[in-house]
Amino acid sequence: MTAPATSRAGGPGGSSSRASSPSPQAGGALAALATVRDPELDEPITSLGFVASCAVSPDGDARVRLRLPTYFCAPNFAFLMVADAYDAVSKVPGVRSTEVVLEDHFASDAINGGVAAQAGFAASFDGEAVSELHGLRADFLRKAVLAGTDQVCRPLLAAGASRASLLAMTLGEVPASGALDRLRQRRAELGLPSGPGAPLLIDPATGERIREEAAPLHLRRARSSRISIEANSSICRGMLRHRYETSGLGEEEQ
Amino acid sequence: MYEKNGEKYFVVDGHMHYWNAAPDNWVPGAEQYAKGWIECFHAYMGLGPPETHWSLEHFQKYSEDDLMKDVFEDGYVDVAVFQPTYLKEWYKEGFNTTERNALMGEKHPGKFVYNTRWDPRDGDEGLEVLRRNVERFGSKGCKLYTAEWNTGSRGWKLTDPGAYRYLEKCQELGIKNIHVHKGPTIWPLDKDAFDVADVDHAATDFPDLNFIVEHVGLPRIDDFCYMATQEPNVYAGLAVVIGALMHARPRFFARVMGELLFWVGEDKMLFGSDYAIWEPKWQIEGFVDWDFPDSDDFSDYPRLGVAGKKKILGLNAAKLYGIEVPAEFQLAPDQGTPAAPDDAQLVAGA
């Protein structure tokens, strides 16, 4: 279900600059934002309700305001979302300039300034970070692969597939589904085997096929990862709803 | 004490607070952090039942009488464990300090356990403060908040050499229980601040200490579970799990409970209300009534019966803290041993 993208005045987010008559560019910018994911929750920032507003002027100046569930959300993940949003919107045809502002966050100034200056994370948090966030992003993509493995395997097991049959299965043999598409996409992003001939069950760190004796633990851990992410996501949504009266652009109920 | 269907539950609230987060306690120049912190806590309260919500003003500063009524009179708690959080960079007298807790608690003998805290960045001076606190308040446990800001530093890890000095000191002083709470910041900021790998190392290196991971490692429940299943001295602190999920997201609550019962087990789980974020009353009532939804999704999780709920609500924590439990609340001999450390084992063939 898609919640209406309302913008009531007086909300603490101050999200009043929603494009009232969406230009093609504004629609394109919002579509671009829908490709940006929260790296921890593995879900688009739009459906999570993190996009407070998105507008593009007739001259092509894009203005995006983002918001998060708490004032103290982890600054590294927040930085990734703001930087990814900046990159995604900048690439929309017809967009001449891009500004992405994270509101109401303890590190708003460092993040917004750093992204605007294309400075990178370590420079934006001078002295507080030693490297960029590629490793962090990859760690959480691996968790997303594990969680996605459970999303694909659970319906197969429920339909009577044995564990042994999952071990032998390739991605091309799994019935088509949104969950399968997501899993393949995440694996491809990590450079893991994702073609139709690749095994369904692989170690997300090495890409190696899971051995038979390791399969029970692998599937249990896949479920734990999925439940962990889903529980976090449900708490984040609850906190966001408490914090802001208005729905985000493209926000979806869980 | 809580009684339902003829069963009597001895309740230890393993994680609660007596804070002052009102503007009169905000550090000049750091008001935005003090305000942001308490507003974040208040948003968590929003995940509990609406009739239990407080105004922000009341939430910032509640009275001693409020606490005694909410926790003991209405809330069924027999013994409550104060878990201090200092945050002195933002709150002039600290958010809730060992001293503040004890000053209140000493008017109510037998009701409270005073945990203290330490921060490895406080060096030799901090070691001496720790010694004095243990002497003065009889602390048997410490609450560690790894994301605390301290003179320009945004956090620390249990594997920092300075931290090991403090863990050694804890053993020397007779402290048994180390409650670890992860937060959003740490040095360096490009690492995952919520990672629990450092608890894993410390638990291995200090087998005589118990490590209670608060909020079951949220938001890293999966990593926490996998670590806890391998470490006999690692426990799950349930504060936030019940408060944030049981009412607001019952299906996710059931899944998380299923995971915890599978990986960690009912002997290693400890109730904590996280008062004043949530009042204990509704949490205890709901938890005693709780069962898995009737669905195949949950069929392969271990069941939780009355004995397990008795352990989680009080008997496990009573064991860790040496709290005397009257005979009427004890388990029958065939109902298992609370806080049995040898239950943890790597589940490979599940």
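Some bookkeeping comes before that. Residues are numbered from 1 along each chain as its sequence is written, while chains are lettered from A and ligands numbered from 1 in the order in which they are written. Because the model is predicted, local features need pLDDT of at least 70 and side-chain atom pairs count only at pLDDT 80 or more, whereas totals for chains, interfaces and linings use all residues.

Let me start with chain A. How many helices and strands are in chain A? There are 8 helices and 5 strands. Both are DSSP runs numbered from the N terminus: helices are H or I with at least four residues, and strands are E with at least two. In sequence order the pattern of chain A reads α-β-β-β-β-α-β-α-α-α-α-α-α.

On overall dimensions, the C-alpha trace of chain A spans about 55 × 45 × 35 Å along its principal axes. A residue is buried if 20 or more other C-beta atoms lie within 10 Å of its own, exposed if 12 or fewer, and partly exposed in between, with C-beta atoms placed from the backbone.

Chain A is divided into domain 1, residues 24-132, and domain 2, residues 134-231; such bounds come from an automatic or database domain assignment. The centres of the two domains, taken over C-alpha atoms, are separated by 29 Å. Where they meet, 7 residues of domain 1 are in contact with 7 residues of domain 2. Contact here means that the C-beta atoms of two residues, placed from the backbone, lie within 7 Å. The domain 1 side of that contact divides into 3 nonpolar, 1 polar and 3 charged residues. For those classes, Ala, Val, Leu, Ile, Met, Phe, Trp, Tyr, Cys and Pro count as nonpolar, Asp, Glu, Lys and Arg as charged, and the others, Gly among them, as polar.

Next is chain B, with 12 helices and 10 strands. Why call chain B as compact as a globular protein of its length? Its radius of gyration is 19 Å, close to the 20 Å that the globule rule gives for 350 residues. Of the 350 residues, 53% count as buried. Residues 24 or more positions apart make up 77% of the chain B contacts with a separation of 6 or more.

Chain B has an open sheet of 5 strands in the order E6-E7-E8-E9-E10, with parallel pairing. Two strands pair if DSSP finds at least two bridges between them. E6 (141-145) and E10 (269-270) stand at the edges with a single partner strand each, so one side of each has no neighbour in the sheet. Inside this sheet, E8(B) and E9(B) run parallel and are joined by 3 bridges. Ile212(B) has Tyr235(B) in E9(B) as its bridge partner.

Helix H7(B) packs on this sheet and touches E7, E8 and E9 of chain B, its direction making about 160° with that of E8(B). Axes are lines fitted to C-alpha atoms, for helices over the stretch in contact, and angles run from 0 to 180 degrees between N-to-C directions. Which residues of H7 (197-205) are buried? They are Val199(B), Asp200(B), Ala202(B) and Ala203(B). Their cover includes helices H6 (161-173) and H8 (221-228) of chain B, along with strands E7, E8 and E9.

A second open sheet in chain B has 3 strands in the order E3-E4-E5, also with parallel pairing. The twist from one strand to the next averages 20°. E4 (79-82) and E5(B) pair over 3 bridges, and Ala80(B) stands opposite Phe112(B) in E5(B).

Terms used
Rg over C-alpha atoms; globule rule 2.2 N^0.38 Å.
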